[in-house]
Number of protein chains: 2
Amino acid sequence: MKTLSLDLPAHHYDIHIGAGLLAQAELLAPHLSPEVLVVTNETIAPLYLARLEAALVKPDANRRIESVVLPDGEQHKHLRTLDQVFTRLLELNYSRRCTLLALGGGVIGDMTGFAAACYQRGVNYIQLPTTLLSQVDSSVGGKTGVNHALGKNMIGAFKQPELVLIDTDTLSTLPDREYAAGLAEVLKYGLIADAGFFDWLEQHWSDLLARRSDVVSEAIYRSCALKAEVVAEDETEQGRRAILNLGHTFGHAIETWTGYGAWLHGEAVATGLLMATDLSQRLGHVDVALVERVRTLLLQAELPVRSPTGMARDNYLQLMARDKKVESGVLRLVLLNTLGHAIVTSDFAVQALYETIDHFKS
Amino acid sequence: MKTLSLDLPAHHYDIHIGAGLLAQAELLAPHLSPEVLVVTNETIAPLYLARLEAALVKPDANRRIESVVLPDGEQHKHLRTLDQVFTRLLELNYSRRCTLLALGGGVIGDMTGFAAACYQRGVNYIQLPTTLLSQVDSSVGGKTGVNHALGKNMIGAFKQPELVLIDTDTLSTLPDREYAAGLAEVLKYGLIADAGFFDWLEQHWSDLLARRSDVVSEAIYRSCALKAEVVAEDETEQGRRAILNLGHTFGHAIETWTGYGAWLHGEAVATGLLMATDLSQRLGHVDVALVERVRTLLLQAELPVRSPTGMARDNYLQLMARDKKVESGVLRLVLLNTLGHAIVTSDFAVQALYETIDHFKS
């Protein structure tokens with residue numbers, strides 16, 4: 001097991017990474033209250049819920065361990081599904097001292113964290129991410145929320161967990177498509193913050209695709225370490241944290257346009273990363289070779305490298321105008337300054353943006 | 001105009017109280033961004049929206065001033081109505097630098113504050129309370145949220161406003177029933193924190209009922225000052241702030257049982273205050289004379305002094321078990337230790353609670 005710490009001005013928590021952690025009661029126990037609700041989904045519940053519940057009950061047989069099983073998928077990440085969690089908590093008469101456990105991927109983590117932020121104006125929660133994407137991204141950093149029909153992640157809160165427990169064994173049941181989607185976010189960290197990590201990923205890409213466990217663990221650890229470093233500097237995204245959104249402005253537009261769930265979040269980010277790298281190249285920041293390196297890795301992972309069929313320039317521009325990084329009507333984008341260094345800027349030729357969008361048309 | 005300040009560790013804001021403040025552009029201007037959304041309701045919009053919009057546009061004709069008009073009433077304070085605010089914000093393409101203005105009573109203030117807490121994970125908002133109840137209570141202190149079918153204010157956030165502007169002119173259009181409901185909260189401050197204020201209220205009760213403007217302003221000022229003092233000590237209700245909930249555990253049970261909107265919040269609090277005073281007397285903390293003084297004031301204001309018809313002991317106990325002050329299944333109540341001093345305690349004879357509930361049966 002490896003452990004990282006995230007130190008924020010008002011809060012500190014550990015991120016444990018290792019095999020079989022879900023069954024390790026002693027890691028969870030210090031963070032539990034007498035009222036526990038596991039929030040999970042229909043796919044994950046049959047696989048891991050019983051294992052987790054057995055660990056939860058171990059140190060204290062009097063602890064109330066309940067669960068709520070939500071439908072699976074990004075298309076369910078909205079206020080109505082969230083309300084199911086509140087209903088369950090109230091039916092159980094759970095107090096503001098209860099603890100929520102998010103057992104699942106990013107959708108479960110985002111909704112559980114937001115439910116914890118809002119239930120009785122705030123209760124504790126723990127992240128137990130079961131997908132590669134949530135392990136390297138959404139479970140760390142405290143961004144929580146739900147989608148709105150008019151925009152992704154538009155309703156939410158900054159709410160840090162008490163603990164993140166990454167059990168790498170859960171990746172064994174992850175479908176190939178979702179695993180690949182997670183690799184897109186891993187690649188992002190190399191691009192925005194660590195050229196050496198990007199090189200390492202290229203060297204170990206086939207091992208990663210084969211899910212060689214030591215290589216996968218190392219990739220998760222280095223991704224989380226990079227994320228923790230950025231978040232510790234800027235918890236509520238006043239500045240640098242926005243670099244974590246490389247490719248996401250394009251990606252969110254794709255997700256909203258296709259309808260949530262058609263493309264996986266990581267798939268939309270994959271195409272978005274390539275578009276952001278392409279735009280950075282058109283603006284003269286990086287060379288064509290880097291664009292091709294990114295494209296090659298995405299293709300090897302069978303990730304999409306073109307826009308959804310039929311999505312036009314205007315579709316992008318309209319949806320990108322709703323991005324949370326927009327200020328006073330001006331679109332700001334995360335771009336690469338060089339490999340391993342991202343910037344957030346509104347200082348780019350809009351013509352280059354048009355060219356990138358048009359270039360990726362299917 | 002009188003001004004109070006609320007100083008919190010991470011935030012400071014002013015509370016201005018006076019006649020005609022809604023039209024004073026110079027008070028609002030320093031706190032506005034280029035994107036403003038006024039959130040109000042069908043009752044208030046025809047009365048005050050145009051006046052406010054005229055003041056908002058004054059210092060900067062380029063500022064975007066938009067509004068959303070919600071249905072009026074506690075029965076609409078839920079997630080679905082909140083979603084109308086998010087939809088409007090997204091249709092307008094408003095950024096995370098926008099400012100929300102809550103123009104209305106406590107329901108509008110609570111929903112607008114919660115929308116501000118959640119939209120893009122947090123934007124600024126300003127309270128412009130137009131009812132006596134919201135002027136002396138909910139507009140100050142940052143408690144925001146919505147109701148759930150299974151419990152009042154169960155979903156929400158602590159989110160402090162940038163400014164509270166209390167225009168006492170707005171009370172001229174307030175129906176008698178709502179005005180009286182506000183007086184119940186005013187009375188609360190005397191009971192929990194200031195015996196001298198309670199005596200002053202008794203002496204000026206008929207002037208208050210006649211809405212003599214100087215007396216009303218003084219009552220609002222002293223109420224807000226007491227609330228600001230308690231909130232500054234304990235922003236997120238870890239301890240002392242809970243005394244502000246005197247009568248509210250009973251009151252919330254009444255509101256939930258009758259269905260939101262049947263009793264006004266202040267009416268339910270009125271009965272709750274009397275029940276809490278009665279229980280404090282049964283436990284030997286205060287004398288019967290105080291119970292009668294409270295009852296007399298409530299009756300003069302034509303506020304309810306009995307439980308809703310048909311509401312039984314079990315109804316109270318079941319609903320009170322969902323109170324946010326419950327810890328590990330133990331009910332804690334706000335009680336009077338003496339006039340002007342409240343405590344939060346689970347140390348009371350449950351038999352006395354039963355007697356109080358039974359005594360107030362209609």
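**The interface of chain B and chain A**

Mentor: In this predicted model, chain B and chain A bury about 3,500 Å² between them, with 53% of that area on carbon and sulfur atoms.

Trainee: Which residues of chain B lose the most area to chain A?

Mentor: Those are B:Leu90, B:Arg96 and B:Arg121, which together account for 23% of what the chain B side buries.

Trainee: And how many residues does each chain bring to the contact?

Mentor: Chain B contributes 36 residues, and chain A likewise contributes 36 residues.

Trainee: What about polar contacts across the interface, how many residue pairs are there?

Mentor: The rule finds 16 residue pairs in polar contact between chain B and chain A, counting pairs in which both residues are at pLDDT 80 or more.

Trainee: Which elements of chain B give two or more residues to that side?

Mentor: On the side of chain B that touches chain A, they are the helices α3 (79-91) and α4 (106-118), together with the strands β7 (143-148) and β8 (151-158).

Trainee: How do the residues on that side divide by type?

Mentor: The side of chain B that touches chain A holds 15 nonpolar, ten polar and eleven charged residues.

Trainee: How many salt bridges cross over, then?

Mentor: The rule finds two across the interface of chain B and chain A, and in one of the salt bridges the side chain of B:Glu237 meets that of A:Arg96 at 3.4 Å, N to O.

Trainee: Switching topic, what does UniProt list for residues 182-326 of chain A?

Mentor: An unreviewed UniProt entry lists that span as "domain: 3-dehydroquinate synthase C-terminal"; in the model, residues 182-326 of chain A are 68% helix and 0% strand, and the end C-alpha atoms lie 26 Å apart.

Notes
Residues are numbered from 1 along each chain as its sequence is written. Chains are lettered from A and ligands numbered from 1 in the order in which they are written. This is a predicted model: local features need pLDDT of at least 70, side-chain atom pairs count only at pLDDT 80 or more; totals for chains, interfaces and linings use all residues. Side-chain values use heavy atoms; hydrogens and water are left out. Contact means heavy atoms within 4.5 Å. Buried area is the accessible area (1.4 Å probe) that two parts lose on being put together, summed over both. A salt bridge is a side-chain nitrogen of Lys or Arg within 4 Å of a carboxyl oxygen of Asp or Glu. A polar contact is a pair of N or O atoms within 3.5 Å; within protein, one must be able to donate a hydrogen and the other to accept it, and residues adjacent in sequence count only if both atoms are side-chain atoms. Helices (H or I, at least four residues) and strands (E, at least two) are DSSP runs, numbered from the N terminus. Ala, Val, Leu, Ile, Met, Phe, Trp, Tyr, Cys and Pro count as nonpolar, Asp, Glu, Lys and Arg as charged, and the others, Gly among them, as polar. UniProt positions are given in the numbering used here, feature names are shortened, and annotations may be inferred rather than shown by experiment.
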